[in-house]
Amino acid sequence: MPPDGDDDVELVARAARGDRDALDALLDRHIDRVHTICARILANREDALDATQEALLAIARGIGRFDGRSSFTTWLYRVTTNAALDEARRRSRRPMPTAALPDPGVDAHLDADVAHRLDLDAALADLPPDFRAALVLRDVADLDYAQIGTILGIPPGTVRSRISRGRAALARALGNPATAGRRPTELGS
């Protein structure tokens, strides 16, 4: 097992040469980040787990082709976001049940923060995947507009627009239109 002090650059180089321990250490180091991005983009536990698995497989398969033109984490975010958006597209093609499931409601004993988080997750789930991906990369991964543009393959101006429109939609959905456009720090919590 590689020492904890190994940085991503060294682990990537070793993994690209076929070092399984280095690949395992690299994936272990970033699995929570990958899952968080997938969970926020997809807003469905099972879909997020599927996308996380697909992203990790894509990273493992593609590590030898990582060329270092960007940081490893930028490449990881791009692979992860693509896996999540692919899963969202697959989900949209699945047949949906016709009968609505009963709403379990929020337990009265749940903490107000948990209720707020559930409302935020529900509002995020209602956003189009492109807006959701941009918001998650900005507010959860704390990436700048240029990095997000690189990951999503769009210009920074489009990133700004998607984030602004996504935040405005979130604010409206949460009943707080006065905060439209401001960065909701709760996304990262």
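**A pocket lined by helix α5, and the helices around it**

Helix α5 (residues 112-126) supplies four residues to the lining of the second largest pocket, the largest share. The model is predicted, so local features require pLDDT of at least 70 and side-chain atom pairs pLDDT 80 or more, while totals for chains, interfaces and linings use all residues. Numbering starts from 1 along each chain as its sequence is written, and side-chain values use heavy atoms, with hydrogens and water left out.

The lining of this pocket consists of Leu42, Ala43, Asn44, Arg91, Leu118, Asp121, Ala122 and Ala125. Its volume is about 170 Å³. A pocket is here an open set of points on a 1 Å grid over the protein atoms alone, with protein on both sides within 12 Å along at least five of seven lines; a 1.4 Å probe fits at the points, and lining residues have an atom within 4 Å of one. The volume is the space filled by probe spheres set on the points, which are joined across faces, edges and corners. Ala43 counts as partly exposed, at 35% relative accessibility.

The protein contains eight helices and zero strands. Helices are DSSP runs of H or I with at least four residues, strands are runs of E with at least two, and both are numbered from the N terminus. Of the 189 residues, 39% count as buried. Buried denotes under 20% relative accessible area, exposed over 50%, and partly exposed the range in between (1.4 Å probe, protein chains only). The protein exposes about 10,800 Å², with 51% supplied by carbon and sulfur atoms. These areas come from the Shrake-Rupley method with a 1.4 Å probe. Among contacts (heavy atoms within 4.5 Å) with a separation of 6 or more, 60% join residues 24 or more positions apart.

Helix α1 (residues 8-16) buries Asp8, Leu11, Val12, Arg14 and Ala15. Seen down the axis, these residues fall within an arc of 165°, so they line one face of α1. The arc is taken from the directions between the helix axis and the C-beta atoms. Cover for the buried residues of α1 includes α2 (20-42) and α4. Gly18 follows α1 and has a positive phi, near 100°.

Thr80 lies in helix α4. Thr80 is buried, with a relative accessible area of 0%. It touches Val34, Ile37, Cys38, Ala55 and Ile59, not counting residues up to four places away in sequence.

In helix α7 (residues 145-152), the buried residues are Ile148, Gly149, Ile151 and Leu152. They cover an arc of only 165° around the axis, which puts them on the same side of α7. They pack against α4 (72-93), α6 (129-139) and α8 (156-173). Asp144 caps the N-terminal end of α7, with a side-chain oxygen 3.1 Å from the backbone nitrogen of Ala146. Gly153, with a positive phi near 70°, follows α7.

The loop between α6 and α7 holds Val140 and Asp142. Val140 counts as partly exposed, at 22% relative accessibility. Its C-alpha atom is separated by 8.5 Å from that of Arg40, 100 residues apart along the chain. Phi of Asp142 is near 60°, a positive value in a residue other than glycine.

Conventions. Polar contact = N/O pair within 3.5 Å; in protein donor to acceptor, adjacent residues only side chain to side chain.
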